[in-house]
Amino acid sequence: MEKNRSKTYVLLVLAAAAWGFQPICIKWLVPEWSPVTITFMRYVFLSAILMGMAWLQEGRRMMPRGRDWWYLLGMGISGVMLNNVLQFTGLLTTTVTNCTLISATTPAITALLAVLFIRERLGLLAWGGIVLSFCGVLLIVSQGEMAVIQAIAFNVGDVYCFLSQIVWAIYSLLGLQVMQRLSPLSVTAWGALLGGAATGLYGAADGSLQVTVLPLPAMASFAYAVLVGGVMAMVCWNLGVKHAGPSLTAIFLNIMPIVGMLAGHVFFGDVIGSIQLCGAAAICGGVYLTTHSH
């Protein structure tokens, strides 16, 4: 049991790490493609890969039945179309710092929705872990400077980013329901296919779906978003939701700022000081408290 739990947590760390680097890639992509185009093209490739993997492993067992189609459609609209388009649109007018801060609210949002809709409850120690990890995120993005926090200006892009966190929480809750009957791989594949199709229809209707040839850096970013931030991360995430529940799973998203901090150091020469290290320690401590609270 302990071994299975540890394996689940490793998968969630991998997913969070992959997504922690993704905003940098998206920042390189949004000048070339619209958010709708990025989302649609990403899920054309992503769903093709996932559907092929699911068919090879499961054959006809991957086929949904009855009400599962509605859950999967809901997952596609919330976690694929709305989550991606809202987040990518937000990144056009807000900073990665603001987006990171807002994404740190996801564990609390998910836990609240889980209490309301599936009666999943966290104890005081788990809530303490959520608060501690949020404080860690705050330390990393502010570098311990109150002036940085005071200077943060929220705009319409931040509203989009916040809404993207709500629909991602909904995606996780819906996934938990349908994974009682289908495998995480099949659920991820169908959600990607239906969400990509919905995004394509929306983009065709409003004229925002326009595909152009990408320059090499943007092409590399797109490949990362498909293979690492897409196939690998989404399968790992849904496995985590199935085995750990949406509330515990969501706390791992706060690992993303640590990865962003390290990526900034490697690619842009950002200095990592003692304040940022304390923030990283607080995030890890919060994750530990939440995952070991019961």
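Predicted model: local features only at pLDDT ≥ 70, side-chain atom pairs only at ≥ 80, totals over all residues.

Start by selecting helix 9, residues 184-206. Now step one residue past the end: Gly 207 follows helix 9, and its phi is positive, near 80°.

Next, select helix 8 (residues 156-178) together with helix 10 (residues 216-244). Their axes lie 9 Å apart and the two pack at an angle of about 60°, which makes helix 8 oblique to helix 10. The crossing here is right-handed. To see what does the touching, show side chains for Trp 168, Tyr 171, Ser 172 and Leu 176 on helix 8, and for Met 234, Trp 237, Asn 238, Val 241 and Lys 242 on helix 10. Colour that contact by class and you get 6 nonpolar, 2 polar and 1 charged residues. As you look along a helix, bear in mind that an α-helix has 3.6 residues a turn, so residues three or four places apart point the same way.

On the helix 2 side, pick out residues including Ile 38, Met 41, Phe 45, Ile 49 and Met 53; across from them on helix 10, the partners include Phe 222, Val 226, Gly 229, Gly 230 and Met 234. The class count for the contact of helix 2 with helix 10 is 15 nonpolar, 2 polar and 1 charged residues.

Now go back to helix 8 and bring in helix 3, residues 68-93. These two pack at an angle of about 160°, with axes 8 Å apart. Helix 3 and helix 8 are therefore roughly antiparallel to each other. Their crossing is left-handed. Colouring by class again, the contact of helix 3 with helix 8 has 15 nonpolar, 13 polar and 1 charged residues.

Last stop: the rings. A search of the whole structure turns up 9 aromatic pairs. One of them is Trp 19 with Trp 168, edge-to-face, with 5.4 Å centre to centre and 85° between the planes. Which parts of the chain does the pair link? Distant ones: Trp 19 sits in helix 1 (residues 2-29) and Trp 168 in helix 8, 149 residues apart. You have already met Trp 168, in the contact of helix 8 with helix 10.

Note on methods: Residues numbered from 1 in each chain as written. Heavy atoms only, no water. Axes fitted to C-alpha atoms, helices over the stretch in contact; angles between N-to-C directions. Helix = DSSP H or I, 4+ residues; strand = E, 2+ residues; numbered from the N terminus. Parallel < 35°, antiparallel > 145°, perpendicular 65-115°, else oblique. Left-handed = near helix turned anticlockwise from the far one by under 90°. Contact = heavy atoms within 4.5 Å. Nonpolar A, V, L, I, M, F, W, Y, C, P; charged D, E, K, R; others polar. Expected span 1.5 Å × (residues − 1). Phe/Tyr/Trp six-rings, centres within 6.5 Å; stacked < 30°, edge-to-face > 60°.
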